[in-house]
Amino acid sequence: MVFSSLIFLFQFLPAVLLVYYVSPNKLRNAVLFAASLIFYAWGEPVYIIIMIVTTVFDYINGLLIDKYSHRKPIARAVLFGSICGSLAILSFFKYAGFVVSNVNDLFGLHIQVADLPLPVGISFYTFQTMSYVVDVYLGKVPAQRNIVAFGTYVTMFPQLVAGPIVKYGDISEQLVFRKVTLERFGEGAEWFIRGLAKKVLLANNIGLLWTNVKSTPFEDLTVLSAWLGILAFTFQIYFDFSGYSDMARGLGKMFGFEFPENFKHPYISRSVTEFWRRWHISLGSWFREYVYIPLGGNRMGLGKQFRNLLIVWFLTGLWHGASWNFIVWGLYFGCFVVFEKLFLLKWLKRWPNWAGHLYTLLIVVVGWVLFEFEHLPSTWMFIRAMFGFGAHEWADRQALYDLTTYGGLLVLLALCATPLPRKVGEQMKARWNSVGMITALALSIISLVLSSAYLVFEDYNPFLYFRF
């Protein structure tokens with residue numbers, strides 16, 4: 001079940017909200033916990049066992065670390081066992097096939113491994129439970145003694161499938177007490193509808209262009225088609241993922257939680273470093289706090305700082321998928337971050353703003369080619385087509401047709417990827433008072449109706465981050 005589905009919008013969510021709000025405060029965690037298990041079991045009834053085992057495993061580990069906090073060797077052993085156990089589960093389902101396949105290729109072996117589907121959201125909830133255990137060990141948060149409250153944190157359906165990755169300390173107090181007002185509920189509904197529109201009306205529509213271009217044989221690609229296609233994917237993945245994150249944040253508000261914002265208009269960045277401060281913020285924050293800083297961060301000299309950065313970016317790529325293209329994609333961005341720290345940032349500060357934007361967008365767009373094509377030779381052939389190497393034409397009838405058909409949508413997407421629409425909306429509500437509020441409400445209703453109509457009549461509704 002995904003947020004952008006009719007069964008979620010008009011059956012599951014209204015039913016859960018009704019039961020949640022008629023329940024007394026002391027039972028609301030239990031209601032949300034049960035609803036989250038149903039939500040997850042809807043598509044993967046078997047894999048719910050893994051999530052429950054992970055929850056119980058790290059709930060017990062948190063209690064043990066708290067109990068033996070004055071005996072560090074024992075607490076450290078529990079922490080080590082917890083991290084190893086969580087990584088073992090994640091690695092078995094996500095990376096076993098990749099490792100075995102590479103071992104077979106390297107040594108000419110024929111080791112067989114079961115082709116198991118990846119449990120949805122396992123990368124997200126595994127990182128959340130690991131961060132909880134680490135924070136308990138470091139004394140940043142107390143161990144949660146109520147297993148229902150802890151289970152609610154791990155399985156909470158608004159952010160279970162695709163984040164944001166919420167650290168326990170961010171919502172520990174909210175698990176005990178949270179106050180929902182009509183105004184906050186309205187804010188949540190507005191965030192949710194905005195995210196739904198971004199996902200359904202923007203990401204899905206431009207995704208059709210990328211689907212057509214990607215299916216074109218490389219020898220038939222023109223330069224214009226290649227650029228139109230990868231720009232389409234550039235916008236699709238942003239509005240798909242940021243839209244889902246907005247929906248998650250909106251749902252959190254509707255249930256009384258405050259989740260961190262996961263995207264802050266990354267395509268307006270003037271450096272790769274800035275881009276990654278704005279894109280998938282919760283993942284970058286997690287790696288910085290639980291990998292980069294423990295490795296020594298920037299405290300041990302320039303050489304080790306660059307080593308730590310490349311380790312983080314290697315793991316960032318690997319986190320996204322068990323494939324060499326993701327590893328190369330992670331190291332690709334890691335190298336640019338290192339280069340910027342060495343000398344590029346100093347140069348960029350002297351460049352005009354537009355030059356910094358253009359540099360960043362070029363690096364990011366080429367990076368999305370690495371991200372999207374699983375086979376590296378395909379990546380290289382597509383990049384060759386983008387830059388006109390070989391026998392590729394500059395344009396043909398299909399490319400010109402796509403330009404005229406999708407050109408207006410691409411301009412709209414570029415505008416919506418900036419802070420301008422949100423600023424206009426906020427100013428409208430602030431200056432027009434009640435009229436502005438009514439106008440904003442009307443726009444939200446129209447967006448919800450249009451999104452629902454799209455879901456009724458269209459079959460194309462992918463969710464790109466399900467595979468992570």
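How many salt bridges does the structure hold? The model, which is a predicted one, holds 14 salt bridges.

**Overall architecture**
- The secondary structure of the chain consists of 20 helices and zero strands.
- The C-alpha trace spans about 70 × 65 × 50 Å along its principal axes.
- Of the 468 residues, 52% count as buried.

- Helix α1 comprises 17 residues (residues 6-22), which at 1.5 Å a residue should span 24 Å; its end C-alpha atoms are 24 Å apart, in agreement.
- A kink of about 35° lies in α1 at Phe12, shortly before the proline Pro14.
- Phe12 is also one of the buried residues of α1, together with Phe8, Leu9, Leu13, Val16, Leu17 and Tyr20.
- Just after α19, Asn433 adopts a positive phi of about 55°.

**Nonpolar surface patch**
- Leu302, Phe339, Leu342, Phe343, Trp347 and Trp351 make a nonpolar surface patch of about 560 Å².
- Helix α15 (residues 324-350) contributes the largest share of this patch, with four residues.
- Trp351 lies in the loop between α15 and α16 (353-372), and it counts as partly exposed because its relative accessibility is 34%.

**Salt bridges**
- Side chains of opposite charge can pair when their charged atoms come close.
- In helix α10 (residues 182-214), Arg194 and Glu190 are four residues apart, about one turn of the helix, and their side chains meet in a salt bridge (3.9 Å, N to O).
- Both partners count as partly exposed, Arg194 with a relative accessible area of 27% and Glu190 at 24% relative accessibility.
- Lys253 and Glu258 meet in a salt bridge of 3.0 Å, N to O; Lys253 counts as buried at 7% relative accessibility, whereas Glu258 is partly exposed at 28%.
- Glu274 forms a salt bridge with Arg278, with the closest N and O atoms 3.0 Å apart.
- Glu274 and Arg278 are separated by about one helical turn because they lie four residues apart in helix α12 (residues 272-278).
- Elsewhere, salt bridges that share partners join Arg184, Glu187, Arg249, Lys253, Glu258, Glu261 and Arg422 into one network.

Terms used: Residues are numbered from 1 along each chain as its sequence is written. This is a predicted model: local features need pLDDT of at least 70, side-chain atom pairs count only at pLDDT 80 or more; totals for chains, interfaces and linings use all residues. Side-chain values use heavy atoms; hydrogens and water are left out. Helices (H or I, at least four residues) and strands (E, at least two) are DSSP runs, numbered from the N terminus. The expected span of a helix is 1.5 Å times one less than its number of residues. The bend at a residue is the angle between axes fitted to the seven residues ending there and the seven starting there. Buried means under 20% relative accessible area, exposed over 50%, partly exposed in between (1.4 Å probe, protein chains only). Patches are made of residues with over 30% relative accessible area and no salt bridge: like charges are joined within 9 Å, nonpolar side chains (Val, Leu, Ile, Met, Phe, Trp, Tyr) within 5 Å. Accessible areas come from the Shrake-Rupley method with a 1.4 Å probe; for residues, only the protein chains shown count as cover. A salt bridge is a side-chain nitrogen of Lys or Arg within 4 Å of a carboxyl oxygen of Asp or Glu.
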